[in-house]
Amino acid sequence: MLRSAILLASESQVLRGWMERSRHARALTRRFVAGTSLEEAISAVRELDAVGLRSSLDALGESVGNQDEAVQATAGYVASVQRIADLRLPATISLKLTQLGLDISPSLCRQHLTQIVNAARGGGIRVEVDMEASVHVDATLELVHAVHRASGGVRAVIQAYLHRSEADIHELNRAGVPVRLCKGAYKEGPRVAIARKSDVDANFERLAALLLREGKEPAIATHDERMIRSALDVIQAEKLNPACYEFQMLYGIRRDLQARLAGDGHSVRIYIPYGDAWYPYLMRRMAERPANLLFVLRNLIG
Ligand SMILES: Cc1cc2nc3c(=O)[nH]c(=O)nc-3n(C[C@H](O)[C@H](O)[C@H](O)COP(=O)(O)OP(=O)(O)OC[C@H]3O[C@@H](n4cnc5c(N)ncnc54)[C@H](O)[C@@H]3O)c2cc1C
């Protein structure tokens with residue numbers, strides 16, 4: 001019920017406009033969004049680095065409305081990889097292709113992604129291409145494969161809730177494309193996605209094992225301790241070196257678990273969102289765990 005209300009609120013443009021401009025609302029997001037500027041995000045990277053955690057910077061935004069916005073988003077990412085390279089920080093970047101103009105023109109989007117990957121390559125920085133709603137999966141994977149063939153330096157994301165994901169992983173493994181595995185955050189119908197949470201979890205465990213055994217530098221992205229324990233069993237059985245895989249979690253979520261895994265010698269990367277367009281991101285996190293809404297409201301009152 002609360003989850004449905006949050007999902008409904010996430011679609012309201014009026015609420016979004018008001019929230020993103022509100023000084024008070026901004027204060028509430030601090031736990032989950034590192035700030036509105038690149039420099040605030042860089043401070044978060046430094047703080048995490050100091051405690052042995054790597055980062056991936058995500059300049060929030062999705063589905064740009066015109067070419068100028070896509071060009072602007074691309075320039076923002078080029079600036080962020082330059083800053084990461086200058087400071088030699090252990091960070092990748094994460095981006096969404098609809099932010100680079102995928103819905104306007106796939107060829108324009110490819111040019112933008114290539115521009116960012118080329119800028120990142122000089123500093124040895126990987127570009128992680130987030131996966132969005134299922135209508136974008138074909139185009140996203142096509143572009144990731146193309147850029148990987150041309151230059152490398154990219155990581156794909158696969159969502160365990162999609163029926164197609166095992167076949168996609170086999171193809172990515174064959175091509176040597178690194179993959180981040182997550183459960184999936186969008187509202188999808190039963191034709192494309194597994195409906196029951198327990199079945200999504202079982203698929204996640206199977207796909208994580210497949211990636212750890214056969215994939216290139218896989219990233220296991222979850223806060224679910226059961227998923228993590230199952231991945232750790234494979235890591236132990238296969239005697240995998242921590243340089244060959246990593247766990248990934250979101251900024252501000254299960255900080256205890258992030259620290260524990262890093263303390264046990266595993267590579268852990270934290271996905272750090274920043275920027276003005278934080279509303280859809282925050283609402284997805286609220287819908288995943290309505291208790292977060294109480295956390296945010298408590299901050300508002302306290
Ligand atoms: C690094 C990273 C990158 C991601 N990239 C993508 C992407 O490209 N595309 C995509 O569709 N999705 C992406 N996701 C989101 C993902 O698909 C899930 O929606 C999200 O991670 C929640 O799933 P979970 O695996 O943590 O398991 P869940 O079953 O949702 O949660 C397991 C446990 O984790 C904790 N937890 C989970 N979520 C929260 C939260 N919001 N607040 C507090 N505690 C929480 C709780 O203890 C919960 O019981 C990404 C997630 C991560 C960690």
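An oxygen atom of the ligand sits 2.6 Å from a polar backbone atom of Gly 184, a polar contact (a pair of N or O atoms within 3.5 Å). Before you dig in, note that this is a predicted model, where local features need pLDDT of at least 70, side-chain atom pairs count only at pLDDT 80 or more, and totals for chains, interfaces and linings use all residues. Residues are numbered from 1 along each chain as its sequence is written, and side-chain values use heavy atoms, with hydrogens and water left out.

**Ligand contacts**
- An oxygen atom of the ligand lies 2.6 Å from an N or O atom in the side chain of Thr 222, and for the side chain of Lys 183 the distance from a ligand oxygen to an N or O atom is 2.7 Å.
- The protein buries 87% of the 930 Å² that the ligand exposes when taken alone (Shrake-Rupley method, 1.4 Å probe).

**The shell around the ligand**
- The ligand is surrounded by 24 residues (a heavy atom within 4 Å), and Gly 184, Lys 197, Thr 222, Glu 288 and Asn 292 are the closest.
- By class, the shell holds 10 nonpolar, 6 polar and 8 charged residues, with Gly counted as polar.
- At least two shell residues each come from β4 (154–159), β5 (179–182), β7 (246–250) and α12 (279–288); β7 gives the largest share, 3 residues. Helices (H or I, at least four residues) and strands (E, at least two) are DSSP runs.

**A helix pair**
- Helices α10 (residues 225–237) and α11 (residues 255–263) pack at about 10 degrees, their axes 12 Å apart, and are therefore roughly parallel (angles under 35 degrees).
- Glu 225, Ile 228 and Leu 232 of α10 meet Leu 257, Arg 260 and Leu 261 of α11 (heavy atoms within 4.5 Å).

Conventions
Polar contact = N/O pair within 3.5 Å; in protein donor to acceptor, adjacent residues only side chain to side chain. Axes fitted to C-alpha atoms, helices over the stretch in contact; angles between N-to-C directions. Parallel < 35°, antiparallel > 145°, perpendicular 65-115°, else oblique.
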